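Look at the structure below with its packing in mind.

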Amino acid sequence: MDENRTGPVVVVDDLRPQMNCYGQEWILSPHMDRLAEDGLLFERAYCQQAVCAPSRASVLTGCRPDTTTIYDLRTPVRSVMPDVVTLPQHFKEQGYET
């Protein structure tokens, strides 16, 4: 890896913090624990909606559901925001592999 680049970005919207790195010692999660030890571990993060698609759209676009207008599981991001630069698109444009 190029010395000017950081490690991987892992975004999970459907995972409860029930891993060893969050103090749940009976959970075996060695790979996630290693990532948490070497990287950045969020201890106070909040989801945008109670269903996954609006939260994923927020992660991809950086916009809240009231901006994306995605509140359900059926609306694709591009159908409501055709010109938005998504997070993976931005990384790819900066030379990262996505």
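A nonpolar core is a set of buried Ala, Val, Leu, Ile, Met, Phe, Trp, Tyr and Cys residues joined through side-chain atoms within 4.5 Å; buried means under 20% relative accessible area, exposed over 50%, and partly exposed in between, with a 1.4 Å probe and protein chains only. The model is predicted, so local features need pLDDT of at least 70 and side-chain atom pairs count only at pLDDT 80 or more, while totals for chains, interfaces and linings use all residues. Residues are numbered from 1 along each chain as its sequence is written, and side-chain values use heavy atoms, leaving out hydrogens and water.

The largest nonpolar core is made of 6 residues: Ala57, Cys63, Ile70, Val77, Met81 and Val84. Apart from neighbours within four places in sequence, Val77 has contacts (heavy atoms within 4.5 Å) with Ala57, Thr61, Ile70 and Val84. In soluble globular proteins, nonpolar side chains tend to be buried together.

The whole structure has 1 aromatic pair. Phe91 and Tyr96 form a tilted pair, because their ring centres are 5.4 Å apart and their planes meet at 45 degrees; rings of Phe, Tyr and Trp (its six-membered ring) pair if their centres lie within 6.5 Å, with planes under 30 degrees apart counted as stacked, over 60 as edge-to-face and the rest as tilted. Phe91 is partly exposed at 24% relative accessible area, and Tyr96 is partly exposed at 29%.
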